[in-house]
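Have the model open alongside as you read.

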Amino acid sequence: MRKCLYRMIAAVLLAALLALAGCAQAGKDKKLKEASPPEDTVFQVSTINALLQGLYDGEMTCGELKKHGDLGIGTFDGLDGEMIMVDGSVLQVKADGKVLPAPDGEKTPFAAVTFFRSDQAQQVKEVADYSQLQRLLDGLIANRNMFYAIRIDGTFSYVKTRSVPEQAKPYPPLVEVTKNQPVFEMRNVRGTVAGFYCPPYVEGFNVPGYHLHFVTEDHQQGGHLLECSLQEGEIQMDETREFYLMLPAGSDFAMADLTTDRAEELNEVENSISGGKRIE
Ligand SMILES: [Zn+2]
């Protein structure tokens, strides 16, 4: 009888323990799920200040980068052109204006990508220039302290982009490279703008505000967006709560002095609409 009672108590205790463990696991799973839905993470390789300083050695392959997103922007090993990732394809806009699909083995020294899942969309018409476009985007950003991935598909009456030529070591700072940036002008093209809005506090590791790249629908032309006017199109935004920063493992990054304030350089590099070479 007593043996039976002990067995019952043991069974009840075991059941309680299992239930507790189950709850704990469920709680953990829930927490993990809430913490990191992969589609709500900006995944970034290196920092913008490292790039500004001339750290152009590729860090991660495009094949690996695709595991972390299907839309984004960046550059390539040795600063060999502008990267735009759309619908999971990594495209390389070379300094001569040609656009090539980047091989999975090609590396990137700097990129930011996410799995783009639109939270909101808005049809737009007759957007005169990039500053008007930015004001429209401002109106869609509910929380200026959050990250937003941006995608705009449409017909552009005018687009101006730039790319960057591949560099040899010793690498010059980015601001020196973009002084001679090739710029491209396109008229009446269908295409896609992709990139990010980052909050002001990212200064030093990403670009505060808008950083957008462009590629034509036929993947023939594109680059870092400098100016545009949009005939009609659709803006889509993906509010993204999480940020994953992958730092370079190499000694160049270890030795780099990343304490310099490069806000002015960044502004010049990102927004300078003049170029050394104009290609239409
Ligand atoms: Zn860019």
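In this predicted model, strand 3 sends Leu71, Ile73 and Thr75 one way, while Gly72 and Gly74 point the other way, and all are buried. In a regular strand, side chains alternate between the two faces of the sheet. Strand 3 covers residues 71-75 and is mostly covered, with five of its five residues buried. Here buried means under 20% relative accessible area.

Now for the neighbours of strand 3. With strand 8 it pairs in the antiparallel sense over four bridges, and Val113 of strand 8 is the bridge partner of Gly72. Strand 4, residues 82-86, also pairs with strand 3 in the antiparallel sense, over four bridges. There, Ile73 has Ile84 as its bridge partner. Strands 3 and 4 form a hairpin with six residues between them, and Gly78 in the turn has a positive phi of about 75 degrees.

Strand 8 (residues 111-114) also runs antiparallel to strand 1 (residues 41-45), joined by three bridges. In that pairing, Gln44 stands opposite Ala112 of strand 8.

The pairings can be set side by side:

| Strands | Sense | Bridges |
|---|---|---|
| strand 1 and strand 8 | antiparallel | three bridges |
| strand 3 and strand 8 | antiparallel | four bridges |
| strand 3 and strand 4 | antiparallel | four bridges |

Stepping back, these strands belong to an open sheet of seven strands in the order 6-5-4-3-8-1-14, with mixed pairing. Strand 6 (99-101) and strand 14 (242-246) stand at the edges with a single partner strand each, so one side of each is left without a neighbour in the sheet. From one strand to the next, the twist averages 20 degrees.

Key
Residues are numbered from 1 along each chain as its sequence is written. This is a predicted model: local features need pLDDT of at least 70, side-chain atom pairs count only at pLDDT 80 or more; totals for chains, interfaces and linings use all residues. Side-chain values use heavy atoms; hydrogens and water are left out. Two strands pair if DSSP finds at least two bridges between them. Helices (H or I, at least four residues) and strands (E, at least two) are DSSP runs, numbered from the N terminus. Axes are lines fitted to C-alpha atoms, for helices over the stretch in contact, and angles run from 0 to 180 degrees between N-to-C directions. Buried means under 20% relative accessible area, exposed over 50%, partly exposed in between (1.4 Å probe, protein chains only).
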